[in-house]
Amino acid sequence: MSVVSCATITVPATTANLGPGFDCIGAALTLYNEFKFIRHSQGRWVITVTGAEAERVVTDESNLLYQAFVKFYESIEQSPPFVQIDISLGVPLARGLGSSATAIVGGLIGANVLAGEPLSQSQLLELAITLEGHPDNVVPAFLGGCRLAATGVENELLKEKESLWEICEIPWSQEIVPVVAIPDFELSTKEARQVLPSEVSRGDAIFNTAHLGLLLRGLETGRGDWLRAGLQDRLHQPYRKGLIRGYDAVNSAATGAGAYGMVISGAGPTLLALTDRVRADAVAKAMADAWLKEGVKAEVRSLCLDTQGARLVIE
């Protein structure tokens with residue numbers, strides 16, 4: 001088996017939850033981080049970072065990509081090799097677009113290929129979910145597309161789980177355009193989770209179950225009426241929107257310009273609108289203008305669904 005000395009992994013951004021799909025559904029988007037791993041001949045670690053916000057990324061042992069790389073080798077009970085890691089950033093940090101998931105996925109895939117690929121794709125994915133703590137970002141970052149993840153079924157006869165996770169691809173109509181509005185402020189996932197209640201009512205649980213089903217059919221068919229209703233949520237967005245300055249104004253602007261609906265991307269503060277191709281530009285402009293009136297500068301972009309997920313190039 002030949003030893004790989006250099007590998008580049010490109011990982012897409014993700015948007016998670018999509019309203020009622022809290023902590024279980026996510027979609028890969030056409031924004032990317034790139035991670036290049038080069039075996040280091042001088043026996044030391046080197047991490048370099050380029051791109052927007054590069055100066056904010058730590059380059060010591062607390063770097064998340066490095067931690068994922070090391071965790072992989074711990075899982076196979078081997079010492080990690082010394083490498084140079086070159087990070088090229090294209091996904092905004094701490095904005096609800098899965099930047100941490102790209103680091104985890106990139107670190108694990110890079111480690112696996114340098115180790116001779118001892119772990120399968122499903123094993124890597126389960127390790128990624130364990131490191132992230134939930135599946136909604138790492139699954140689409142790894143596999144691409146829109147994905148729903150749920151825990152597997154326990155086999156009562158064998159007293160063990162047949163699979164830790166069941167992952168289902170969600171069809172996404174080509175007519176649906178995701179528009180992301182990325183503000184010039186951050187919101188940590190920890191802060192966003194702290195505002196959530198520890199318990200919800202039966203009525204709210206039923207509401208989200210029904211609307212998630214409707215959302216999945218809306219994504220598949222592109223039916224606007226199903227999407228408008230299906231994007232509603234009662235588990236996290238009513239509590240989190242107060243952390244996002246101008247949320248209601250941007251929401252009104254997006255839907256007024258023709259969006260089917262708007263949701264918080266991941267933990268926020270990025271806001272995601274779903275619309276059609278005809279109205280995408282108008283929705284993007286309306287969201288940017290509304291936030292600017294609230295004193296917030298935002299980068300607003302019409303994106304596409306990334307269908308490939310993480311890409312590996314061996315040099």
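Reader: Which residues of β4 lie on its covered face, and which on the uncovered one?
Author: This is a predicted model, in which local features need pLDDT of at least 70, side-chain atom pairs count only at pLDDT 80 or more, and totals for chains, interfaces and linings use all residues. Residues are numbered from 1 along each chain as its sequence is written, and side-chain values use heavy atoms, with hydrogens and water left out. Strands (E, at least two residues) and helices (H or I, at least four) are DSSP runs, numbered from the N terminus. In β4, residues 83-89, the covered face has Val83, Ile85, Ile87 and Leu89, and the uncovered one has Gln84, Asp86 and Ser88.

Reader: Which residue of β4 is the bridge partner of Val49?
Author: Two strands pair if DSSP finds at least two bridges between them. β3 (residues 46-51) runs parallel to β4, with six bridges joining them. For Val49, the partner in β4 is Ile87.

Reader: Which strands stand at the edges of the open four-stranded sheet?
Author: The order is β10-β11-β9-β12, with antiparallel pairing. β10 (261-264) and β12 (298-302) each have a single partner strand, so one side of each lacks a neighbour in the sheet. The edge strands are therefore β10 and β12.

Reader: In β11, what's the bridge partner of Val180?
Author: β9 (residues 176-183) pairs with β11 (residues 271-276) in the antiparallel sense, over six bridges. Val180 has as its partner Leu272.

Reader: Within what arc do the buried residues of α10 fall?
Author: Buried means under 20% relative accessible area, exposed over 50%, and partly exposed in between (1.4 Å probe, protein chains only). In α10, the buried set is Ala280, Val283, Ala284, Ala286, Met287, Ala290 and Trp291. Taking directions from the helix axis to the C-beta atoms, these buried residues line one face of the helix, because they fall within an arc of 165°.

Reader: And which exposed residues does the face of α10 turned away from its buried side carry?
Author: The buried residues pack against β9, α9, β10, β11 and β12 (contact means heavy atoms within 4.5 Å). The face turned away from them carries the exposed Asp281, Lys285, Leu292 and Lys293.
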